[in-house]
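Visitor: I have a new model open and would like to learn how to read it. Could you walk me through it?

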Amino acid sequence: METVATTDLCDAHMDAIAAGDVRVLPPSFQSYGRRRCFVGPITTVKVFEDNVLVREALEEAGQGRVLVVDGGASLRCALLGGNLALIGQNNGWSGIIVNGCVRDVDEINACDIGVRALASHPLKSVKKGEGSKDCVITIGGVRIAPGEWCYVDNDGIVVSSTNLSKL
Ligand SMILES: O=C([O-])CC(=O)C(=O)O
């Protein structure tokens with residue numbers, strides 16, 4: 001899918017930003033993975049220090065989707081590592097955004113996928129399988145619903161209720 005500059009999106013959609021239909025995430029994410037720019041429809045999971053649902057989502061056919069993981073901004077363990085990033089790459093996910101930590105940064109950086117996360121952390125998460133999928137989440141005060149669109153590049157992360165790349 002063609003990428004769209006987030007700056008151009010913001011400039012072109014100031015009214016939609018004022019209305020809340022286009023939202024910008026706070027600039028608190030680090031960039032990992034080979035794809036520094038990615039776009040796609042959003043699938044969500046909400047977990048806390050437990051990444052079983054993250055793995056389950058990435059094991060699905062991604063079909064160009066972006067997985068947005070609300071990990072409650074925990075900085076105490078990693079929700080994504082090199083194995084899961086590779087699974088996501090091989091299953092055709094365009095990107096993964098983690099409101100939490102990742103690990104195996106060198107392995108993730110070798111994957112043809114885009115990853116954004118708050119930080120890296122060497123500790124793995126627990127594997128209980130708790131959490132929810134396909135739910136509305138809030139990251140940094142920004143509401144994100146499944147099926148909305150995500151635009152990510154070196155300037156930031158934009159979420160839109162409609163597909164702006166078609167406009
Ligand atoms: O399995 C995990 O908890 C995360 C991980 O290390 C990987 O994806 O390689």
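This is a predicted model: local features need pLDDT of at least 70, side-chain atom pairs count only at pLDDT 80 or more; totals for chains, interfaces and linings use all residues.

Visitor: Which residues of α4 are buried?

Guide: They are Leu84, Ala85, Ile87, Gly88 and Gln89. As a general idea, an α-helix has 3.6 residues a turn, so residues three or four places apart point the same way.

Visitor: Is Leu84 buried or exposed, and why?

Guide: The idea is to count neighbours: a residue is buried if 20 or more other C-beta atoms lie within 10 Å of its own. Leu84 has 26 such atoms, so it is buried. Its contacts, leaving aside residues up to four places away in sequence, are Val54, Arg55 and Leu58.

Visitor: And Gly82, how does that residue count?

Guide: Gly82 also belongs to α4, which covers residues 82–90. Because Gly82 has 17 C-beta neighbours inside 10 Å, it counts as partly exposed.

Visitor: Which residues does the "binding site" annotation cover?

Guide: An annotation is a record to be set beside the coordinates. Here the unreviewed UniProt entry lists Gly81, Gly82, Asn83, Leu84 and Arg103. These residues are spread over 23 residues of sequence, yet they cluster in space, with a largest C-alpha distance of 10.2 Å.

Visitor: Which residues surround the ligand?

Guide: The shell consists of Asn51, Leu80, Gly81, Gly82, Asn83, Leu84, Arg103, Asp104, Lys124 and Ser125. By class, the shell divides into 2 nonpolar, 5 polar and 3 charged residues. Helix α4 gives the largest share, 3 residues.

Visitor: How should I read the strands, say β6? How many of its residues are buried?

Guide: For a strand, look at its cover and then at its partners. In β6, 8 of its 8 residues are buried. β4 runs parallel to β6 and is joined to it by 5 bridges, with Asp70 opposite Asn99 of β6. β5 also pairs with β6 in the parallel sense, over 2 bridges; there Ala78 has Cys101 as its bridge partner. Finally, 6 bridges join β6 to β7, again parallel, and Ile96 is partnered by Val115 in β7.

Notes. Residues are numbered from 1 along each chain as its sequence is written. UniProt positions are given in the numbering used here, feature names are shortened, and annotations may be inferred rather than shown by experiment. Helices (H or I, at least four residues) and strands (E, at least two) are DSSP runs, numbered from the N terminus. A residue is buried if 20 or more other C-beta atoms lie within 10 Å of its own, exposed if 12 or fewer, and partly exposed in between; C-beta atoms are placed from the backbone. Two residues are in contact if their C-beta atoms, placed from the backbone, lie within 7 Å. A residue is near a molecule or strand if its C-beta atom, placed from the backbone, lies within 6 Å of it. Ala, Val, Leu, Ile, Met, Phe, Trp, Tyr, Cys and Pro count as nonpolar, Asp, Glu, Lys and Arg as charged, and the others, Gly among them, as polar. Two strands pair if DSSP finds at least two bridges between them.
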